[in-house]
Amino acid sequence: MAREFSTVGVVGLGTMGAGIVEVFARNGIDVVAVEISAPALERGRATLKGSTDRAVAKGKLAEADRDALHERVHFAVGLDALHSVDLVIEAVPEHLDLKQRIFAELDRVCRPETILATNTSSLSVTEISVATSRPNQVIGIHFFNPAPVMKLVEVVRTVVTAPEVVADVEALCARLGKVDVTINDRAGFIANALLFGYLNHAVGMFESHYATREDIDAAMKLGCGLPMGPLALMDLIGLDTAYEILDTMYRRGGRDRRHAPVPLLKQMVTAGLLGRKSGRGFYTYERPGSPVVVPDEATPLATDGALADGARAIAKVGVVGSGTMATGIIEVFAKAGYEVVSVTRGMEKSAKVCEAVKTSLNKGVVRGKLAEADRDAALGRISWSATLDHLADVDLVVEAVVEELSVKKALFASLDEICKPGVVLATTTSSLPVIDVAMATHRPADVVGLHFFNPAPVMPLVEVVRTIRTSPEATATARAVCAALGKTGVVCGDRSGFIVNALLFPYLNDAVKMLEASYSTADDIDHAMKLGCGYPMGPFELLDVVGLDVSLAIQRELYLELREPGFAPAPLLEHLVTAGYLGRKTRRGFRDHSHR
Ligand SMILES: NC(=O)c1ccc[n+]([C@@H]2O[C@H](COP(=O)([O-])OP(=O)(O)OC[C@H]3O[C@@H](n4cnc5c(N)ncnc54)[C@H](O)[C@@H]3O)[C@@H](O)[C@H]2O)c1
């Protein structure tokens, strides 16, 4: 029979501890909440009160239940108050020596049968456990931030944790309404091992002015459907905590350079910019602890799509190509009121693209999203051509032909001869350097990347890629066009993968490596990212949708450009592609889709 936990202790009432107290008290368990000093205790009490008051205001918690919840929590300074609890969860800052000291003290204070748990994100639970005389009763219970909301708990067993302790803690997680994944003691466990390389990479992009904080965050939210962008998430985690986690993962996890904290992080921590908890991190908050972002000196001025920064007026747009992307892009421009000239390699292809655009617009009509008159007007704005000469008077050209550099270069050389001066020439390439395409013309200042996402009519994001030769006016024009299309244009440098793919695919590749190392299962890894980090799909679900061949090609490009050893494609990914298991499109990838 599972052990009864009627009273638990929580040590440290910071970002995580206060939330963990709430989780237990909400589920009818008495809590002894401990801090190091009276002011820290008051802060913890205020955090708990703020969180439960917000839950009441949102109608998620009845007032009476909130009051009962608070009655279950006993606050105290010092570990002595934990003498008779059944379980302790430690959530003090991420320092091994501090945690070891606390565990040694807990070992003395607590009853012999008490289970001692750490909420560490990256430190070795084993090393913490050996500071006690009962390492078999020490376990990791890793909650996610914010603890009352996130469903996942990683239960970390060491080589000496007793199986019944693991079983008791698993049963407790179920009682708390959490989903647990039980794993061995490895730096970063599942979720953080996959998350922190990505977060650190995003900080590096920001530090090197590759893109603004707003654009990096918007790219990941809108391009991948994540609940928050990486920099906003760093602020939520706390930059001091994030720094310590990265530092530990770097040292414990094989000195992967991707985990070496970006220098800016250390500077921000030293300067007291710790994120939400201090009121300022990558963003500025209304006050310490508040989730409300307020404008600061780095906040971009709202232009509302108006012509700012020398953006040029665009009325007529040429779209070159006849594939999925070109078809979607034609529709997007025509629907937004632009006159569109579609150029394909023959009238037969034009007829096909025209059919596809009609079908897609008709779907909008059937679904009640588009009026018939608007559909007809959109179609009326498109002219169909098989010769580039018809692009002589357009204001913008969007190229979406096959992803081959020689083909794109030849096309841009022709556009250079045909198009009038001042035209913005855009490529939708997702993997080729935009500068290579730009230098095929005599007007590289007018060349940008406009990386639409598939399906273009649906996806709200466009990456605007500026090369080292792109003029500010061309960039501003591209951005204004995105706004006029109802999309968010994020501006970034001309590097492999731009923002989204550069941040997304190494994470997917890392998940494959984790599976390959038999650390966990595809199901548990998918669960961990969905329930611990709020991702809309787990990495293996996403890989099967994107296609393993496509993913491998992108990962190879990233590796080739940056020569970052951690970006080397996972051998398992290569083998699956060689075996023809490409994902949903071949009915088998990481999972078997043949029965669906
Ligand atoms: N922040 C996150 O998103 C997150 C998520 C999961 C796990 N964790 C882990 O949770 C732990 C706590 O992180 P955090 O972000 O909540 O840190 P935090 O800095 O927000 O809070 C730590 C708290 O511990 C208190 N404390 C310090 N020394 C103490 C002592 N001797 N006795 C009692 N209390 C003491 C501090 O006063 C502070 O309130 C870390 O191990 C971290 O890795 C953090």
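Start by selecting F333, Y338 and F452: ring pairs link these three residues into a cluster. Keep in mind throughout that you are looking at a predicted model.

**Stop 1: aromatic pairs**

For one of them, select F206 and F282. Their ring centres are 5.5 Å apart and their planes stand at 90°, which is over the 60 degrees needed, so this pair is edge-to-face. Now colour by secondary structure. F206 belongs to helix α7 (residues 191–207), while F282 sits in the loop between α11 (263–270) and β9 (284–285), so the pair ties together parts that are 76 residues apart in sequence.

Are the two partners buried or exposed? F206 is partly exposed, at 24% relative accessibility. F282, in contrast, is buried, with a relative accessible area of 4%.

**Stop 2: charges over rings**

Next, show R45 together with F75. The charged end of R45 sits over the F75 ring, 4.5 Å from the ring centre. Then move to R186 and Y519, where the arginine lies over the face of the tyrosine at 4.6 Å from the ring centre.

**Stop 3: the nonpolar cores**

Which residues have the most contacts inside the largest nonpolar core? Select L82, F282 and L391: they hold that place in a core of 118 residues. Zoom in on L82 and display its surroundings. Leaving out residues up to four places away in sequence, L82 touches G9, V11, V32, V34, V88, L106, V109 and C110. Apart from this core lies another one, of 39 residues, and A25, I29, L41 and I89 are among them.

**Stop 4: a buried threonine**

Now pick T118, which you will find in strand β5 (residues 115–118). Its relative accessibility is 0%, so T118 counts as buried. Show its contacts, again without residues up to four places away in sequence: T118 touches E90, K99, F103, V125, I128, I139, G140 and I141.

**Stop 5**

**Stop 6: cis peptide bonds**

Stay with N454 for a moment. A cis peptide bond joins N454 to P455, with omega at about -5°. P455 lies in the loop between β16 and β17 (461–466). Then jump to N145 and P146, which are also joined by a cis peptide bond, with omega at about -5°. Here the proline, P146, lies in the loop between β6 (138–143) and β7 (152–157).

**Stop 7: positive phi**

These next two residues deserve a look because most residues other than glycine have a negative phi. Select H209 to begin. H209 is not a glycine, yet its phi is positive, at about 60°. H209 is placed in the loop between α7 and α8, and its relative accessible area of 67% makes this residue exposed.

Follow with F498, another non-glycine residue with a positive phi, of about 45°. Look for F498 in the loop between β18 (488–492) and α18. Is F498 buried or exposed? F498 is buried, with a relative accessible area of 2%.

**Stop 8: inside the cavities**

The structure holds 4 cavities of 30 Å³ or more, and the largest cavity has a volume of about 60 Å³. To see its lining, select L194, G197, Y198, H201, R258, A502, L503, P506, Y507, D510 and F567. The elements giving two or more residues to this lining are α7 and α18. Of the elements here, α18 gives the most to the lining of the largest cavity, with 5 residues.

Conventions. Residues numbered from 1 in each chain as written. Predicted model: local features only at pLDDT ≥ 70, side-chain atom pairs only at ≥ 80, totals over all residues. Heavy atoms only, no water. Phe/Tyr/Trp six-rings, centres within 6.5 Å; stacked < 30°, edge-to-face > 60°. Helix = DSSP H or I, 4+ residues; strand = E, 2+ residues; numbered from the N terminus. Buried < 20%, exposed > 50% of the residue type's maximum accessible area, 1.4 Å probe, protein only. Lys NZ or Arg CZ within 6 Å of the ring centre and 35° of its normal. Contact = heavy atoms within 4.5 Å. Core = buried A, V, L, I, M, F, W, Y, C linked by side-chain atoms within 4.5 Å. 1 Å grid on protein atoms, 1.4 Å probe; cavity = no way out; pocket = protein on both sides within 12 Å on 5 of 7 lines; lining within 4 Å. Points joined across faces, edges and corners; volume = space filled by probe spheres on them.
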